[in-house]
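Welcome! Please take a moment to look over the sequence and the model before reading on.

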Amino acid sequence: MTSTIIMPQLGETVAEGKVLAWFKSIGDEIREGDNLFEVETDKVTIEVQAVVAGRLSEIRVGPGATAKVGEVVAVIGGDLTTKAPVSTAAPVAKASQWRSPFEEVSTPTGRFGPAKGPNGIHLTPLARRLIAQGGLDLAGLATETQRRGERRIDGAAVRAAISARPATPTGPLPAPPPPLPVPECNVISLNAVRLRTAERLTENWRTIPHVFQAIEVDFTAVNRVRTSRKADFHATHGFSLTFLPFIARATCLAIAAYPHINARFDGKALTLSRDVNLGIAVDLNHNGLVVPVVRRAGELTAIGLANAIRRQTEKAKAGKLSADDLSEGTYSISNNGAFGTTFTAPIINAPQVGILSTDAIRLKPAVVSTHEGDFIAPRMIGMIGQSFDHRAFDGAYSAAFLSRLKQILETRNWNEEFPSDL
Amino acid sequence: MAELTYRDAVARGIAQEMERDERVVFLGEDIGKAGGVFKTTVGLYEKFGPRRVRDTPISEQAILGAAMGAAMTGLRPIAEIMFADFLAVCFDYVANEMSKLRYMSNGQFACPLVIRTGNGGGVRFGAQHSQAVENWTMMIPGVKVVAPSSPMDVIGLMAAAVRDPDPVIFHEHKALYAIKGEVPDGEIVDRLGTAKILRPGRDCTIVALALMVPRALAAAETLQHEHGVDAEVIDVRSLVPLDTQTILGSVAKTGRLFTVEENPRLCGWGAEIASIVADEAFWDLDGPIVRITTPHIPLPAADHLEDLALPSAARIVDTVRRVLNG
């Protein structure tokens, strides 16, 4: 009995995939779940696993060759064939670990700031990386260190500062990591993933008439619940409760009232989607962008969304996203809050028709109306923005959606999202 | 399971491969009837006879020349160079001939042989019979280099070396021959190019080889109990290929790296590891990489001077403690 291995569906708009490496050779005994080959798409590289067992008898698409989705790339079972694959490159044990003899080490190109901090304080390389990645205030840390009579900041000091940091973003804005160095005439070639991302973004930007709208939202109610729940949440789930799951939950609820937001547009017709499959844009440490999808997000509570988003971003950062994780998104959220920006106008991920952006949420003086009059009060304020495809609907529809979203975020009883036993 | 000395493990490892494969032959000085000057090959001559276990004249070039010819024509020889220092006498074979044969003949010839050699100091043999020369061999493209620290690893890595299709230099440590270790029954086969984490720890990584491994482990115990430092100890085992992933993974965890090397400091193997870690794991480093080595001197024969020259457990403890507190 023979089974064929086909190039899998690699994402909703991907027509073909390039085989980077085979992990198995002709004649190898394959077990279900074995990694067969690695394939590159425009977003990620994916390891394709066997779904049947048997002996690998033929490889039709060798390393470096491209196959259309659905095309047979290899055969399991049947007679051994000595026919050479398209490329004769030898299979390697694990493609990601193979290195050319001329690149025996890979020197990191990222930079995390100078070795000397404010007032001549020394920073270890690990400390510099942790400060940049944790968005820590270096000046404050340096002052603190100096007050203790120390001259050096090491990894332990930064970790202590991170764990002692208050979780509510009421302090000074976190310092953004310094940008990657771009010395004069230093040409950075894009890798295949970046190149194809660039092509997709250009195509979307060129063909979709983008309109951007933003609305100011008072997150004080959300923050009150988040603050009261965060310790229990962290103890139960092992990570911090951020604003994002609340925004994602409110988005799903608002979509129920404005379903045209959650749809695909093909130039002639708008196809509304029953499920909300929410794409979450994840920055890969300044080294690319992926948008893993949380499926059927409309059926999840804020806690469920927090867990699902966490799962997908962890997978993205570990490079473990599969084709399923990246396909069939119906709406996306781009979250830039960590760096303190006010608002972001994102590019729509076709064939979706809208993308939401959230930015910094911080205390600001705001006018609060009560029955005793209007007052200025410190409130947690943030901008929610949306880029939408003007062919799919008009500004008034988008504005009504944003207004509904704002209303949900400001007035919903968010305690209901949390089971009473938590 | 049996308790075996490192020296007995050498004989068992060779016997295991000679029993398995008719093509495996063994040659060297006094390895036959005498059972080896370090008694590492006792019983092999009696078991496998004079055709497969051959005593040679005192000529390192003859030993390696014969072994290379045998390997090129279908045998799988194990050749002994009694003292690693005298690899220098036959270095042309190692550096220019056997290591380049497969490449220069475009794969028409291979050289599947193992050079066993008694490496290292600590046994009062003086400057010409005590050197740790693993770094000499590590620098030659075309040979693999291993240096086991336990009886179990001696057998497993010997099997891996004999079964490898290319030349492997197998550094046995003269000062380890008497140590004992548990060894399971039956065939033991290990993999070249793999390091072993012998003691997991959080605070720093100590990378060691051969005789330095038991000293690093002893130092780690003292560091734990007397100074509260939880050190991870890695036995490198194989210099070529080098298991960089295990070392880099450990440094990513601890942020601090110490190498403990018996070879003289200049161009020692730890310098290569320090270079790789500085390159690949710079942003994981929480302090300078520190090498603990024999100084760049001819090794003295006098007891107290030799003990002073080679890294000791006490020196490892002192250095790690001073650097981590500094």
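Two residues are in contact if their C-beta atoms, placed from the backbone, lie within 7 Å. Keep that in mind below, and note that this is a predicted model.

## A residue in chain A

Let us begin with A:A74, which is found in strand 8 (residues 72-76) of chain A. Which residues does A:A74 touch, not counting residues up to four places away in sequence? The answer is A:I5, A:L56, A:E58, A:I59 and A:R60. Take A:L56 from that list: A:A74 and A:L56 are 18 residues apart in sequence, with 7.6 Å between their C-alpha atoms in space.

Is A:A74 buried or exposed? A residue is buried if 20 or more other C-beta atoms lie within 10 Å of its own. A:A74 has 26 C-beta neighbours inside 10 Å, so A:A74 counts as buried.

## Confidence in chain A

Chain A has a mean pLDDT of 83, and 85% of its residues reach 70 or more. Residues 82-96 of chain A are a stretch to read with this in mind: there the pLDDT is below 50. In the model, this stretch has 25 contacts beyond near neighbours in sequence.

## Where the chains touch

## Chain B at a glance

Chain B has 326 residues, and buried residues make up 53% of them. Its elements are twelve helices and 14 strands. Among the contacts in chain B with a separation of 6 or more, 79% are between residues 24 or more positions apart.

Strands of a sheet pair through backbone hydrogen bonds, either parallel or antiparallel.

In chain B, seven strands form an open sheet in the order 3-2-4-5-7-6-12, with mixed pairing. Which strands lie at the edges? They are strand 3 (53-55) and strand 12 (238-240) of chain B, and each pairs on one side only. Direction ignored, neighbouring strands of this sheet are turned by 20 degrees against each other on average.

Follow the sheet to strand 12 of chain B: two bridges join it to strand 6 (residues 144-146) of chain B, and the two run antiparallel. Within this pair, B:V146 stands opposite B:S238 in strand 12 of chain B. Helices pack on the sheet too. Helix 2 (residues 44-52) of chain B touches strand 2 (24-28) and strand 3 of chain B, and its direction makes about 75 degrees with that of strand 3 of chain B. Helix 3 (residues 60-72) of chain B touches strand 2, strand 4 (76-83) and strand 5 (114-119) of chain B; its direction makes about 165 degrees with that of strand 4 of chain B.

## A β-α-β unit

Further along chain B, strand 13, helix 10 (residues 269-280) and strand 14 make a right-handed β-α-β unit. Strand 13 (residues 257-264) of chain B pairs with strand 14 of chain B in the parallel sense over five bridges. Here B:T259 stands opposite B:R291 in strand 14 of chain B.

Strand 14 (residues 290-294) of chain B is mostly covered, with four of its five residues buried.

Most residues other than glycine have a negative phi, and most peptide bonds are trans. A few places in this model are worth a look with that in mind.

The peptide bond from A:A350 to A:P351 is cis, with omega near 5 degrees. A:P351 lies in the loop between strand 18 (331-335) and strand 19 (354-370) of chain A. In chain B, the peptide bond from B:V240 to B:P241 is cis, with omega near -5 degrees. B:P241 sits in the loop between strand 12 and helix 9 (244-254) of chain B.

B:K39, in the loop between strand 2 and helix 2 of chain B, has a positive phi, near 55 degrees. B:K39 counts as partly exposed because it has 14 C-beta neighbours inside 10 Å. B:N106 has a positive phi near 55 degrees and is found in the loop between helix 5 (101-104) and strand 5 of chain B. With 7 other C-beta atoms within 10 Å, B:N106 is exposed.

Definitions and conventions: Residues are numbered from 1 along each chain as its sequence is written. Chains are lettered from A and ligands numbered from 1 in the order in which they are written. This is a predicted model: local features need pLDDT of at least 70, side-chain atom pairs count only at pLDDT 80 or more; totals for chains, interfaces and linings use all residues. Two strands pair if DSSP finds at least two bridges between them. Axes are lines fitted to C-alpha atoms, for helices over the stretch in contact, and angles run from 0 to 180 degrees between N-to-C directions. pLDDT is the predictor's confidence in each residue, from 0 to 100. A residue is buried if 20 or more other C-beta atoms lie within 10 Å of its own, exposed if 12 or fewer, and partly exposed in between; C-beta atoms are placed from the backbone. A crossover is right-handed if, with the strands pointing away from the viewer, the path from the first strand over the helix to the second runs clockwise.
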